[in-house]
Amino acid sequence: MVKAYDYIVADYAGNKVKVNGEEYKVGACCVDLLNSFNGPEEEKAFEELSLRIREESAVLESDVIPQEALDALGADIVSLLRLVKNVHPFTAFAADTQLDAVRGAFSADDAIRFRRLYNECCVTASYTGMSPYEVLRENRPDLDAKLFFDMAANSLKLFKNLTVLYGELYLDFIYSKRKIGALADQFCALPKADAEHMMPIAFETLPKVATQTKTQFVKADFSGRNKSQLANRLYFSRYIDFIFYDFYHGLGFGHYPRKCEICGKFYLKTDSRPQRYCSGLSGITGRNHRVLTCRAVGKRRGEKERAVNDSILIVYKRVRDGIRQDEHRGNISAELSKFAKIEAQNCKEKAIHDTAYANGAYVTDMNKDRFYAAAPSGGFGSA
Ligand SMILES: [Zn+2]
């Protein structure tokens, strides 16, 4: 039997995905990838473990596999999973029962004996003209030959799948993090976050193909109103295939990672509202010494900005209306009116970009008589 932990088995239904019993919004795993690792030390440990699993996996090609090598592989995969235990979907793989299963698969006493006997049968078969199956049945009538061959083949397949998934994991992380991170930056700069603007640069930046080993329809239970759903089950033997699939699938539902302007972490954007902050904690303390969420901090900043801009605009509008009125009544020429209006506008722009100026000289500077007086000498004059 193929164990669940040697593939990323993902059930997709609508904008949700279920991996090993855990349910996420599609695209959420990309956000976790972008936020993964606290600092370079964690990343270094991850790199060393993953690359070592890759090297160690070479032993699986030999006829006789030493048990110590299998023990080392199992232990390294368990350590690696512990490092990514907060990164979806590996959260589902790093549960104690799953880790025990990985350890058990590699350290099972029988595994190595199976392999050795299997190899002997193959060697005998090669010079007797019998099949390995027949060799086994003749020499070991006590064993269930079919079950034995299944187990021998499956254990090797399991080892290989595990070492591909985890031996490639570091390189997969680095590559997909760079690609998806760059894309998230580009999305941020778009005039409009919709499929028309996003899809072309997504296809330009990311690999187009996500390879699945196999796929089937299953009934899966999800949260919410429609509990039981028909889900499309996909088996991913490499993380990179899963994560790009998750990204594209998420994008199809308008989900994509976006960087929070307050805390700098990524969050999943799931609608088109012009929201620039995540709902996590900002680390900034408000009244009552409570830590504020990034949204609360963003809202306050927005309000402050708006309030300041509003008071600037009130002063500006009063002066501009005064200039219009003077022109209308024939007190000033059209040229002088135009000149004064441009001056007033410049004054307003300066105040918006310079808080000290807005709170200081702005109010005295914003004066129509001052603008009239500043007009080029011998210029427009009064009407
Ligand atoms: Zn935030």
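The model is predicted, so local features need pLDDT of at least 70 and side-chain atom pairs count only at pLDDT 80 or more, while totals for chains, interfaces and linings use all residues. Residues are numbered from 1 along each chain as its sequence is written, and side-chain values use heavy atoms, with hydrogens and water left out.

**Salt bridges**

- The count comes to 16 salt bridges, a salt bridge being a side-chain nitrogen of Lys or Arg within 4 Å of a carboxyl oxygen of Asp or Glu.
- One of these joins the side chains of arginine 54 and glutamate 168, at 3.4 Å from N to O.
- Arginine 54 lies in helix H2 (residues 40-56) and glutamate 168 in the loop between H7 and helix H8 (169-188), so this pair ties together parts 114 residues apart in sequence.
- Helices are DSSP runs (H or I, at least four residues), as are strands (E, at least two), numbered from the N terminus.
- Arginine 54 is partly exposed at 38% relative accessible area, and glutamate 168 is also partly exposed, at 22%.
- Buried means under 20% relative accessible area, exposed over 50%, and partly exposed in between (1.4 Å probe, protein chains only).
- Lysine 160 pairs with glutamate 61 in a salt bridge whose closest N and O atoms are 3.8 Å apart.
- That pair links distant parts of the chain, with lysine 160 in helix H7 and glutamate 61 in the loop between H2 and helix H3 (67-83), 99 residues apart.
- Lysine 160 is partly exposed at 31%, whereas glutamate 61 is exposed at 59%.
- Arginine 320 forms a salt bridge with aspartate 321, the closest N and O atoms being 3.5 Å apart.
- Salt bridges with shared partners join Arg52, Glu56 and Asp76 into one network.

**Positive surface patch**

- Arg287, Arg300, Arg301 and Lys304 gather in a surface patch of positive charge.
- Patches are made of residues with over 30% relative accessible area and no salt bridge, with like charges joined within 9 Å and nonpolar side chains (Val, Leu, Ile, Met, Phe, Trp, Tyr) within 5 Å.
- Arginine 301 is found in helix H11 (residues 294-328) and is partly exposed, with a relative accessible area of 44%.

**Phenylalanine 149**

- Phenylalanine 149 is found in helix H7 (residues 145-167) and counts as buried at 14% relative accessibility.
- Leaving aside neighbours within four places in sequence, phenylalanine 149 is in contact (heavy atoms within 4.5 Å) with Tyr118, Cys121, Pro132, Tyr133 and Leu136.
- Between phenylalanine 149 and glycine 181 there are 32 residues in sequence and 46 Å in space, C-alpha to C-alpha.

Terms used:
Areas by Shrake-Rupley, 256 points an atom, 1.4 Å probe, with all protein chains shown as cover. Lys, Arg positive; Asp, Glu negative; His and termini not counted. Charge placed at Lys NZ, Arg CZ, Asp CG, Glu CD.
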